[in-house]
Amino acid sequence: MEVEVKAEAKEDARSTVRAIDRDGLERLLGLLREEGYRTIGPTVRDGAIVYDEIESVRDLPAGWKDEQAPGRYRLVRRPDDALFGHVVGPISWKAFLFRPRETLTAAARGEGGALEFRRAPFEPERAAFIGVRSCDLAAIAVQDTVFTGGPYVEPRYAALRRAAFIVAVNCLESGALCFCASMGTGPRARRGFDLALTEIEGRFTVEAGSDAGRRLLERLGAEEARAEDAARVEEGTARCAASMAKRMDPAGLPELLLGNLDHPRWDEVAARCLACANCTMVCPTCFCSTVEETSDLTGSSAGRVRVWGSCFTEEHGKVHGGSYRPEIKDRYRQWLTHKLASWVPQFGTSGCVGCGRCIAWCPVGIDITEEVAAIRASPGPVPDVQGLPLAPVPSPLPAPRAPAASSVEEDLVPRPAAVTAAVRETPDTVTLHVRPPQGFSFRPGQFNMLSLPGVGEVPISISGWDGTAVEHTIRAVGPVTRQLAALRPGQELGMRGPYGSSWPVDEAKGCPAWVVAGGLGLAPLRPLVRELIGRPEDFPEVRLIGGSRTPGDILFVREILGWIGRRNLQTHLTVDRAGPDWRGSIGVVTQLLDDASIEGVYFVCGPEIMMRFAVRRILEAGVPPQRVYVSMERNMKCAAGFCGCCQYGPLFVCKDGPVFRYDSVAYLFERSGF
Amino acid sequence: MNPNGDPDPAAVIRELKVFQSLGGPQVEALAGICREVRYPAGSVIFREGDAGADIYVVLEGRVALGVAIPGGPDMRFLSLGPGDFLGWSAFLPRKPKMSNARATEPARLLSIDGAKLRSLCDQDHDMGYRVVLEILSAVSSRLQATRLQLIDMYRAEPR
Amino acid sequence: MTASPTSSSVPASDSEAPVRKPRLGVFKFASCDGCQLSLLDLEDELLAVAGAIDIAYFPEARTAMLPGPYDLSLVEGSISSPEQLEQVQEVRRQSRFLVTIGACATAGGIQALRNWADSAEYLRAVYARPEYIRTLETSTPIAAHVRVDFELRGCPISKEQLLEVITAFAVGRRPNVKDESVCLECKRRGTVCVVVARGMPCLGPVTHAGCGALCPAYDRGCYGCFGPRERANTGSLAGRFREGGAGEPELVRLFRGFTGYAEAFRKESEAHEPQ
């Protein structure tokens, strides 16, 4: 990817330093437009300096300065007419790369009802960003990692990013809320740009940071900069760094914040926080999104639109049955711990670049640096961060990460797939057999995203493979699952997947394998049981423990009865309550774990509350937490780590999970608000 | 086995995990107030509201506890198997049975006279402490289970 | 909310005999009619709506009134008179899925200002013959009287959101009507915050989205027409405005607008009244 090429090419580029005046800058803008770039830069609108299309140097905010304080932003006149004599405003460059609204999919129902899904038309506009500050270069690098640095590459972001030309501007004056120097992200732009400008007394030094930048500089034909100009760039940015009053100490933040999840400061800040989401909207690295379903009145044509979301909304943590982050305290803590702590294991850097936007644009002026300082000033007594999957040391300046060799493009567009059979399991639960659109293989524990155009998309775990079709066991609880569960053979749905981690079957080789299921939790465990009992030489002792609310809620009854007599399987089913006809065990599923084997490997899936009590019982029996696996559920919109909704502490349930080894989630498992 | 074929109660008691902590003389004393009883499948062992003189330990088979729901069949909420206490409330004075107990499989139970057990424990506090600890452990696990049933953990389920 | 899917909503590739179109009823209590008129205002989409649903009761639009029951009822207006107390029960009985529309139906409307005053005195001041007027002491939202399946906020409601609610009902999806702050709408459209950049009082951070952040885009603070959003931290916002120089009477007026009787706004305005 070109993103990486830029990162490589910049070091040797320092020599190409030119000097231009305002006319030269005008020519530069003209050349960029000539090359087909839309030029976007700072301009004054509605009392602020925003990034918008600029046609000429005249559109730049000459002579304006932004005075900033927590919850306050005012434009004031400068004594000079500097073009870049301001810092950052309410809009960040993400608005042009990870755009606020992006249509993902268009779906239509064709002749005979056949489904058709298309990736929505997408024109990657070539945009030149004029005046990108060092903090924002770092922010772009952070979002590069989020959208292109993991197992999945988001093609829309990647295309816009590849098409962008970046003209950075070095900061010689610090804003009152800037703290890039302490975060190691500025004020000197060192990499990640095509060209970098420094405005000194009405003239600009220009340095190239990429081949594209060098080519443009050649075309510009500007004079070489004098040695003292280059020196003034270093001096000026160094003076700016030294003058920066605000700071945040990034050292040890992951441990500090994740070790103080019960700190009283969270309650104090929650009393002030409006949960209005402004901080996440103005943050140049925040990347959460949600999806809107659209359709015409008949549902014959439909679409899915991605819009900026926020962990401060209730929807972000919502699944059927409730919200994982109901309180403002939960949401603020989620945001801050994600930004400054969880981000490090997720992406190798802090999520904060020190731009100060969240402080200025918080209507009540909550200051992220003060919140951190307050917790640092009185950390809780025993920061217990054992088992945290933290990276050793976060690098101060985020370097764009190369996508993994195995990374694949994930455009989030489903493919039509036909239902071959629909088997009713219980009054509200159906197993759909779905013929996958193309070659399909999965591992037990993974899930698919199933969708109906205009209705919605939901993650559904894979409950088996019947030889020609994937099985999905669906409980009709919401609008999407209700309609999925009503599908009949021959009808189509949208499918993409499989996603996520799987049960590590072979960890149980030669050990007693305990499969512990609660309710619908048996669905993702069924393919595991099938594999375990099909390999008796590897798994001589399999125990299936299943709990349900009532006998009528037990899934896969016929298949379970068919397993009777398997020499390597013992099955124990229990129900919470029963009528007189039920001869089996009555009582909660945890009571069947009293004789949990200390040598066993445990695969647990069910409602979170059931897993909590089941795991506690298993651990009480002396089983080490490394031998226990659980499958988690959170809100999921994309399944590829882009939307941010399924985060569970530093983990993404969609791509790191849903199956986790218990010790990696233990410190959050008995805690609410995550 | 004694000459007439019935198992020796003391031997039966020694086999039970719940009485493992009792000393020899304590087991002998307990054996003196026990008898073995058998219930065919489907038969009632006790009913809600019964004066409830006896405490049981299940030796074989299964027993279901339930409560009568007016206008419907019993709602059963717990089943017990070998080694489990049954009817522990008889250990408390003047406490009637709180649920219906019915054998769901042919059941063999050790039946202990509650009043006599209490007076044994009164005389021998060491024994009383051990017995109460076992009953407390059973009651605690049932309280925990009842809480989970109260939470109705399958209500909000993962998809 | 979850719009219950109608029988026709399940996508069918082998669709059978045509299914009955859902029947719509539009009802009005104490209100200005503005919200139900948004339905007629749909213009371009109105034919499509009429094609997908059967408009069985809509006094503003058609003369023939078909009797209930209705699959979907849109209810405008607040409960303000003794007759309405009974009528609303009947509407509920006749409605499978009842959606209240607008600030009057969801929060009591501007007429709920009388809930803080002596309504008899109002009557004497306004009407020449107050003895002809039969009214309740208070104006209250529909949900205070009957079960409501979904509330569509706004004064007036947005016609796009109304179309979305009807479409979602017809297709069987959750309507895309987000309970989140107006701030998200401002930021998604690139509007500069009037609180931060201009020091204006604005209820956006505590107000339910849906208008598309109309007022801030015209350099005004949000008036809270869509009512409080979930977890509206009105106390903190009021504190901010007080620091900015707002006096207690101004704070009372700020929160006591078109949706002033909605709980979060009502409590906040009452907290700033003279003791």
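Helices here are DSSP runs of H or I, at least four residues long, numbered from the N terminus. By that rule, residues 125-151 of chain B form helix H4, and B:Val132 lies in it. The model is predicted.

**Surface patch on chain B**
- B:Tyr129, B:Val132, B:Leu133 and B:Leu136 make a nonpolar surface patch.
- The patch covers about 390 Å².
- B:Val132 has 40% relative accessibility, so it counts as partly exposed.

**Domains of chain C**
- Chain C is divided into domain 1 (7-171) and domain 2 (182-271).
- Their centres, taken over C-alpha atoms, are 26 Å apart.
- Domain 1 of chain C brings 17 residues to the contact, and domain 2 of chain C brings 17 residues.
- About 1,300 Å² is buried between these two domains, and carbon and sulfur atoms give 65% of that area.
- Zero salt bridges are counted between domain 1 and domain 2 of chain C.

- The size of an interface is often given as the accessible area lost when the parts come together.
- Chain A and chain C bury about 4,200 Å² between them, with 55% of it on carbon and sulfur atoms.
- A:Leu274, A:Leu297 and A:Gln483 supply 17% of the area that chain A buries against chain C, more than any other three residues.
- The contact involves 63 residues from chain A and 47 residues from chain C.
- Three salt bridges are counted between chain A and chain C.
- A:Glu292 forms a salt bridge with C:Lys178, and their closest N and O atoms are 2.5 Å apart.

Key: Residues are numbered from 1 along each chain as its sequence is written. Chains are lettered from A and ligands numbered from 1 in the order in which they are written. This is a predicted model: local features need pLDDT of at least 70, side-chain atom pairs count only at pLDDT 80 or more; totals for chains, interfaces and linings use all residues. Side-chain values use heavy atoms; hydrogens and water are left out. Patches are made of residues with over 30% relative accessible area and no salt bridge: like charges are joined within 9 Å, nonpolar side chains (Val, Leu, Ile, Met, Phe, Trp, Tyr) within 5 Å. Accessible areas come from the Shrake-Rupley method with a 1.4 Å probe; for residues, only the protein chains shown count as cover. A salt bridge is a side-chain nitrogen of Lys or Arg within 4 Å of a carboxyl oxygen of Asp or Glu. Helices (H or I, at least four residues) and strands (E, at least two) are DSSP runs, numbered from the N terminus. Buried means under 20% relative accessible area, exposed over 50%, partly exposed in between (1.4 Å probe, protein chains only). Domain bounds come from an automatic or database domain assignment. Contact means heavy atoms within 4.5 Å. Buried area is the accessible area (1.4 Å probe) that two parts lose on being put together, summed over both.
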